[in-house]
Amino acid sequence: MIKCTICCSDLKTTIDDEVYHCIQCDHYQYFGNNKLEIFDHPKLSKSLESLRKKQSKKIVNKFKILYPPLDNLTAIEVGAGKGYLIKELKKIITKCYALDIDITYKNELEDYGIKFKQGNLDDKNNFNNIDVVLGSHVFEHLIDPNKFLSDIGLYKIKFLILFIPNSRGFIFSFGKLLNTLKISLLWERLFQKNSNSPHYHYFSEKSLKKIAEKNNFRVIASLNLNMVNYTPNFKRISTTESLIISIASSVVLSFLEILNKVFRVSDSKVYYLKKINE
């Protein structure tokens, strides 16, 4: 029997033989094989630019409320990509770093006054003298998220901000429903099965809190954010899908996002974690 990475309970099978569900902590885990296809990340990033900037501003504004004396902290965004979060935080924190194995946006980030570190999460030296770790859509890509939390727990990290997909929103629920009807496109896209970097995990609030506490962090706040715009974003979907699918998907996803707002749930959620005893 396969065990849950989060709580070690027995995982249950779903209609998708690559995805398992933990009833105890409401966690979904993907055990499929990586595909060779790589998304056009610069094109995808450009299509999300407006949304990501708005999200980053909201994330940082809430952090300013939670912990007002930010100016003396040092922050790093892991898997930074274009660095929307760290750019926003740079407005109030002097010492900021971006960590990524891909150097596509290195010059852009350095022009912004953010020091770039090329590498991955396994290089522990990247977290020396860091107070705040930011991760925007990174945590769900880790096969073993426990290792990451355990590793950074060895350093004097005060805060961890995780922006991750959430399994309690209408988009995830609709994808799950379609998959039971043998229409798997949205479900597979939610787990990014056609990518070389799939979503290995879909967290719920229960499973995120459990893995945080397991690794000496506690959730001090959370924030619901859009996964997609309220108005259809054809450019975003068209980076990975055909034109017809892009048009239909964009309209449906925007409608589901409106339902999320009405019922105060979300498919994307930010968790603010504080190191216990800090």
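A surface patch here is made of residues with over 30% relative accessible area and no salt bridge, with nonpolar side chains joined within 5 Å. Keep that in mind for the first stop. The model is predicted.

**Stop 1: the surface.** Select Tyr230, Ile258, Val262 and Phe263. They form a nonpolar patch on the surface. Together they have about 390 Å² of accessible area. Now pick out Val262. This residue lies in helix α10, residues 243-263. Is Val262 buried or exposed? Its relative accessible area is 57%, and the cut-off for exposed is over 50%, so Val262 is exposed.

**Stop 2: the interior.** In soluble globular proteins, nonpolar side chains tend to be buried together. Go to the largest nonpolar core, a set of 31 residues. Select Phe127, Val133, Phe139, Phe148, Leu160 and Leu208, which have the most contacts inside this core. Then colour the elements that each supply at least two of its residues: β2 (19-22), β4 (74-78), β5 (95-100), α5 (145-152), β8 (159-165), α8 (205-214) and β11 (268-275).

**Stop 3: Phe127.** Which residues does Phe127 touch, leaving aside its neighbours within four places in sequence? Its contacts include Ile76, Val78, Leu99, Leu121 and Val133. Phe148, Ile152, Tyr155 and Ile157 are also in contact with Phe127.

**Stop 4: helix α5.** Six of the eight residues in α5 are buried. Select them: Pro145, Asn146, Phe148, Leu149, Asp151 and Ile152. They pack against β4, β7 (132-136), β8, β9 (201-202), α8 and β10 (217-225).

Note on methods:
Residues are numbered from 1 along each chain as its sequence is written. This is a predicted model: local features need pLDDT of at least 70, side-chain atom pairs count only at pLDDT 80 or more; totals for chains, interfaces and linings use all residues. Side-chain values use heavy atoms; hydrogens and water are left out. Patches are made of residues with over 30% relative accessible area and no salt bridge: like charges are joined within 9 Å, nonpolar side chains (Val, Leu, Ile, Met, Phe, Trp, Tyr) within 5 Å. Accessible areas come from the Shrake-Rupley method with a 1.4 Å probe; for residues, only the protein chains shown count as cover. A salt bridge is a side-chain nitrogen of Lys or Arg within 4 Å of a carboxyl oxygen of Asp or Glu. Helices (H or I, at least four residues) and strands (E, at least two) are DSSP runs, numbered from the N terminus. Buried means under 20% relative accessible area, exposed over 50%, partly exposed in between (1.4 Å probe, protein chains only). A nonpolar core is a set of buried Ala, Val, Leu, Ile, Met, Phe, Trp, Tyr and Cys residues joined through side-chain atoms within 4.5 Å. Contact means heavy atoms within 4.5 Å.
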